[in-house]
Amino acid sequence: MNGFLIAAAVGNGLAALLHVGCIIFGASWYRFFGAGEQMAAWAEQGSMRPTIITSFIVIVLCIFSMYALSAANVIRKLPLLKIGLVGITSLFLIRGVGGLFLISSVTEQGSSFGLWSSVICLFYGMLHLMGLRQYNARNAVH
């Protein structure tokens, strides 16, 4: 059992559920979670854009959860598992570090969102990285 990857899967699932909440509850949730005024305005206008964009994010986060659970041997083995884990880990770490460098060039509200989302991405990236290391150690060819 790989506790790091299970924790990463739970985190990804929680993030997916919060994004579903934005779709269900609309503009106030988009604003609260820092999605930007444009997303909130589109939601208030009844545009499908926020739903489509956010649904894509939900799907991606669910796939990330599935890959983490697969590598933790909670669900069946998914195709390209190691490549997927490396990619997911890299995305979270790059997004986390990159976001921290971009914070100074955005508005005050955006920098608050940028800080928190970057910290969360770094945390998820570290969970995935530790889980990936454990996965590699258990699956090394001797």
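**Exercise 1. Determine which residues of α3 meet which residues of α4, and how the two helices are oriented.**

Step 1. M39, W42 and A43 of α3 meet R49, P50, I53 and T54 of α4; contact means heavy atoms within 4.5 Å. Helices are DSSP runs (H or I, at least four residues), numbered from the N terminus. The model is predicted: local features need pLDDT of at least 70, side-chain atom pairs count only at pLDDT 80 or more, and totals for chains, interfaces and linings use all residues. Residues are numbered from 1 along each chain as its sequence is written, and side-chain values use heavy atoms, with hydrogens and water left out.

Step 2. The axes of helix α3 (residues 37–44) and α4 come within 8 Å and cross at roughly 120 degrees. Axes are lines fitted to C-alpha atoms, for helices over the stretch in contact, with angles from 0 to 180 degrees between N-to-C directions.

Step 3. By class, the contact of α3 with α4 has five nonpolar, one polar and one charged residues. Ala, Val, Leu, Ile, Met, Phe, Trp, Tyr, Cys and Pro count as nonpolar, Asp, Glu, Lys and Arg as charged, and the others, Gly among them, as polar.

**Exercise 2. Describe the packing of α1 and α4.**

Step 1. Two packed helices are described by the angle between their axes and the distance between the axes. The axes of helix α1 (residues 3–25) and helix α4 (residues 49–71) come within 8 Å and cross at roughly 165 degrees.

Step 2. The two helices, α1 and α4, are therefore roughly antiparallel to each other.

Step 3. On the α1 side the contact includes L5, N12 and I23, and on the α4 side L61, F64 and A71 are among the residues involved. The contact of α1 with α4 comprises 14 nonpolar, seven polar and no charged residues.

**Exercise 3. Classify the aromatic pairs W29–F33 and F64–F92.**

Step 1. The whole structure holds six aromatic pairs. Rings of Phe, Tyr and Trp (its six-membered ring) pair if their centres lie within 6.5 Å; planes under 30 degrees apart count as stacked, over 60 as edge-to-face and the rest as tilted.

Step 2. W29 and F33 are 5.5 Å centre to centre with 55 degrees between the planes, a tilted pair. W29 is partly exposed at 27%, and F33 is partly exposed at 32%.

Step 3. The ring centres of F64 and F92 are 5.6 Å apart and the planes stand at 70 degrees, so this pair is edge-to-face. The pair links distant parts of the chain, with F64 in helix α4 and F92 in helix α5, 28 residues apart. F64 is buried at 12%, and F92 is buried at 7%.

Note on methods. Angles under 35 degrees count as roughly parallel, over 145 as roughly antiparallel, 65 to 115 as roughly perpendicular and the rest as oblique. Buried means under 20% relative accessible area, exposed over 50%, partly exposed in between (1.4 Å probe, protein chains only).
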